[in-house]
Amino acid sequence: IALAQLRRFDEAEALWRRLLNIPGEERAVLPNLGRALDKAGRHDEALQFLSRAVALAPQDYVARINLAACLYSLGHFAQSREQNSIASALQPGIAQPHFNMGCAWEAELNFARSIACYEQALSLELAHQEATRNRLFLEHFLPEITPQQRLAHACERGDEICRGISRMRLPAQRRPGPLRVGL
């Protein structure tokens, strides 16, 4: 997992394939190997491993969410939404499947449904940065929302995200006058 996060996909793949040879490890290895291959741009190969992972463990949230991501990479947006919906049912309190469904609707230019999914993600995780960004960005494509409303929504989201964060006190300026910076 660490190698894949470092984008060292060849090394991660080699280790995952070695782990596949250990009896009983297939259920744990397949979702991770498939996700690493998907991130490496080898979507068709990834789809095979992730489909096997879901077939072996249909109730595995990680396998479902990784399969959904791979299907999205391949442009199969409806199938991606379906897998994300199943993942959401498996782990109802997690925002990520709703965000992913929003991305799939957005890819099909269905902005109203996309925004609804982003709002659902934000109702579960108020500080979900990607859902916030995408939600606010899509408002630019809705003619019924004025620039003033967009600004108001952005300010509201900023206030919601920052609620509970204490303001940092700035040190007193040593002497009056312009700031001098030495390089």
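**Figure 1. Arg-8 and Glu-11 in the predicted model.** A residue is partly exposed when its relative accessible area lies between the buried limit, under 20%, and the exposed limit, over 50%. Glu-11 has 38% relative accessibility, so Glu-11 counts as partly exposed. Arg-8 is also partly exposed, at 37%. The two residues form a salt bridge, with the closest N and O atoms 2.7 Å apart. The model is predicted.

**Figure 2. The salt bridge between Arg-17 and Glu-45.** The side chains of Arg-17 and Glu-45 meet at 3.8 Å, N to O. This pair links distant parts of the chain, 28 residues apart. Arg-17 sits in helix α2 (residues 9–20) and Glu-45 in helix α4 (residues 43–56). Arg-17 is partly exposed, with a relative accessible area of 33%. Glu-45 is partly exposed at 30%. Both residues belong to a salt-bridge network that includes Glu-13 and Arg-42.

**Figure 3. The salt bridge between Glu-119 and Arg-135.** Here the closest N and O atoms are 2.8 Å apart. Glu-119 lies in helix α8 (residues 111–124) and Arg-135 in helix α9 (residues 129–138), so the pair ties together parts that are 16 residues apart in sequence. Glu-119 is partly exposed, with a relative accessible area of 39%. Arg-135, at 14%, counts as buried.

**Figure 4. The protein chain around these views.** The chain has 10 helices and 0 strands. Its radius of gyration is 21 Å, well over the 16 Å of the globule rule for 183 residues, so the chain is more spread out than a compact globule. Of the 183 residues, 36% count as buried. The salt bridges number 11.

Notes
Residues numbered from 1 in each chain as written. Predicted model: local features only at pLDDT ≥ 70, side-chain atom pairs only at ≥ 80, totals over all residues. Heavy atoms only, no water. Helix = DSSP H or I, 4+ residues; strand = E, 2+ residues; numbered from the N terminus. Rg over C-alpha atoms; globule rule 2.2 N^0.38 Å. Buried < 20%, exposed > 50% of the residue type's maximum accessible area, 1.4 Å probe, protein only. Salt bridge = Lys/Arg side-chain N within 4 Å of Asp/Glu carboxyl O.
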